[in-house]
Structure formats: C-alpha cells, structure tokens
Amino acid sequence: MSFVGKKFPSINVDAISEMGDNLKINIFEEATKNNKKVLLFWYPKDFTFVCPTELHAFQDALPEFEKRNTIVVGASCDTNEVHFAWLNTPKNNGGIEGVTYPILADTNRNLSNILGILDIESTQFDEENDVLLVEGSNVTYRATYLVDETGKVFHESVNDMPLGRNVGEYLRLIDAYTHVQTKGEVCPANWEEGKEAMFATREGVANYLNN
C-alpha cells in the first residue's frame, strides 16, 4: 500500500535521543505541530554493515536538512537499549557515535506493519499452538518517507537490504517539493535547485522541451 498523497499514520512510537532519553515520537505530529517537513528513514538492524554508513551519511547531511526546515528521524525494530549501545559505540568499531537525531524503536512493529515494510515472506497459522508463524526476518527494508508540513507523504521509497541510499537525492526531492509549494511550478526530470522548472500546461511543457 502506497502512502504517497495520503496523511502519514498518526501513531506514537518509542524512540531514544542521543543522550539516552526515552521518548515517544509521532511523525505526523512532528510535521504538523512544528510546521516542518520530516524525513523518516528505516533500516533493518543495529550493529550491522550497510546500516551505520547510512546513519552517518544522514548525520553528515543534517545541516542541509535543517536549512530546508526538515527534521530527520531514523527507525528500526531494535529496542531503545540496543540503540543506545550502538550510539555509544565508536565509528571505528562499526558504531554510530556522533549521531544526534532521534531513532525510533518500533519493537512492537505497529508502525512498520501499518506501512507494510517488514521482510515477511509468508505467514501461517499454527492451530495446534494457536499462533501465527512468520517466514522471513520480520525486520524492515530500507524504507524512506518524506512528509510535508500538513502531514502528507510526498515521497516514499523502499530499498532491499543490501542497497544503501543516496542521501543527496532526498535533499533534491525536498528542494523540488518546496519549489512546487512556493512557485506553483512543477519540476521536470533531473531538476535541481537553480534549474528551470515549468508550468503544468501544454504550453509549459512545450516551452521547456524547446529550450
């Protein structure tokens, strides 16, 4: 199920700050109450391999997101305690020491289930034990959501486990969406800040393609 064009689910999720404070974060309310955009990125597991490279990449780009009035939030299904242990592990030992944005701990998988981003190959009900059995890791893919100031999702993408994200692309998407919001124009293929956009009319596209 795609959430693009829809309101992001309004649900409270456990989270932890860089200082180890236990929090409750509602992504929809972070956007609407603070009048900010939110980038929420999910990764499969703490203490793994591609994941720390992504968390550090988002941290390195944090000033650029802040310039764009955008809050960055990480997320996985690990516990707050595991998050905090990873936050206290140095980079040269595979850790994420130095990351300052909050990280969701969706241990009950309420939000990731709603979003449909869990690695579940199949489910089967075990009548003898009265339990639902899951085939698959039941952790999240590398899903990313961009949410605007009204709580509406304007971008979502999902990568398989081995594929790390390009952080610069999310900055470009935020720039493009902000241009649409402020200028009333649409952004063509490969648009970047400072390039020509166009009006969503036949004349607009004709003029753009003839330039």
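A disulfide is a pair of cysteine sulfur atoms within 2.5 Å. The legends below describe close-up views of a predicted model.

**Figure 1. Cysteines of the predicted model, in which no disulfide is found.** A search of the whole structure finds zero disulfides. Cys-77 is buried, with a relative accessible area of 8%. Cys-187 is partly exposed, at a relative accessible area of 24%.

**Figure 2. The protein as a whole.** The protein has 211 residues, and 45% of them count as buried. Its secondary structure comes to seven helices and nine strands. Along the principal axes, the C-alpha atoms fill a box of roughly 65 × 45 × 35 Å. Among the contacts in the protein with a separation of 6 or more, 60% join residues 24 or more positions apart.

**Figure 3. The open sheet of seven strands.** The strands follow the order β2-β1-β5-β4-β3-β8-β9, and the pairing is mixed. The edge strands are β2 (22-25) and β9, each of which pairs on one side only. From one strand to the next, the twist averages 25°. Helix α1 (residues 27-34) packs on this sheet and touches β2, β3, β4 and β8. The direction of α1 makes about 160° with that of β3. Inside the sheet, β4 and β5 pair in the parallel sense over three bridges.

**Figure 4. The hairpin of β8 and β9.** Strands β8 and β9 run antiparallel and are joined by six bridges. Tyr-145 stands opposite Glu-156, a residue of β9. Five residues lie between the two strands of the hairpin, where Gly-151 takes a positive phi near 90°. Is the edge strand β9 enclosed or open? Five of the seven residues of β9 are buried, so β9 is largely enclosed by the rest of the structure.

**Figure 5. Arg-142 and its contact with Glu-54.** Arg-142 belongs to strand β8 (residues 142-147). Is Arg-142 buried or exposed? Its relative accessible area is 3%, so Arg-142 is buried. The side chain of Arg-142 makes a polar contact with the side chain of Glu-54, at 2.8 Å.

**Figure 6. Helix α6 and the elements that cover it.** Helix α6 (residues 167-183) has 17 residues. At 1.5 Å a residue these should span 24 Å, and the end C-alpha atoms of α6 are 24 Å apart, which agrees. The buried residues of α6 include Val-167, Tyr-170, Leu-171, Leu-173 and Ile-174. Asp-175, Ala-176, Tyr-177 and His-179 are also among the buried residues of α6. What covers the buried residues of α6 includes the strands β3, β4 (70-76), β8 and β9 (153-159), together with the helices α2 and α3 (62-67). Asn-166 caps the N-terminal end of α6, with a side-chain oxygen 3.0 Å from the backbone nitrogen of Gly-168. After α6 comes Gly-184, whose phi is positive, near 75°.

**Figure 7. The loop between β3 and α2, with Phe-47 and Thr-48.** This loop lies between β3 (37-42) and α2 (50-60) and holds Phe-47. Thr-48 is in this loop too. Most residues other than glycine have a negative phi. Phe-47 is not a glycine, yet its phi is positive, at about 55°. Phe-47 is partly exposed, with a relative accessible area of 40%. Thr-48 also counts as partly exposed, at 23% relative accessibility. A polar atom of the Thr-48 side chain lies 2.7 Å from the backbone oxygen of Lys-45. What is the distance in space from Thr-48 to Gly-95? The two residues are 47 residues apart in sequence, and 9.1 Å separates them in space, C-alpha to C-alpha.

**Figure 8. The loop between β5 and α5, with Arg-109.** Arg-109 is found in the loop between β5 (103-105) and α5 (110-115). Although Arg-109 is not a glycine, its phi is positive, at about 60°.

Methods:
Residues numbered from 1 in each chain as written. Predicted model: local features only at pLDDT ≥ 70, side-chain atom pairs only at ≥ 80, totals over all residues. Heavy atoms only, no water. Helix = DSSP H or I, 4+ residues; strand = E, 2+ residues; numbered from the N terminus. Buried < 20%, exposed > 50% of the residue type's maximum accessible area, 1.4 Å probe, protein only. Polar contact = N/O pair within 3.5 Å; in protein donor to acceptor, adjacent residues only side chain to side chain. Expected span 1.5 Å × (residues − 1). Contact = heavy atoms within 4.5 Å. Pairing = 2+ DSSP bridges. Axes fitted to C-alpha atoms, helices over the stretch in contact; angles between N-to-C directions.
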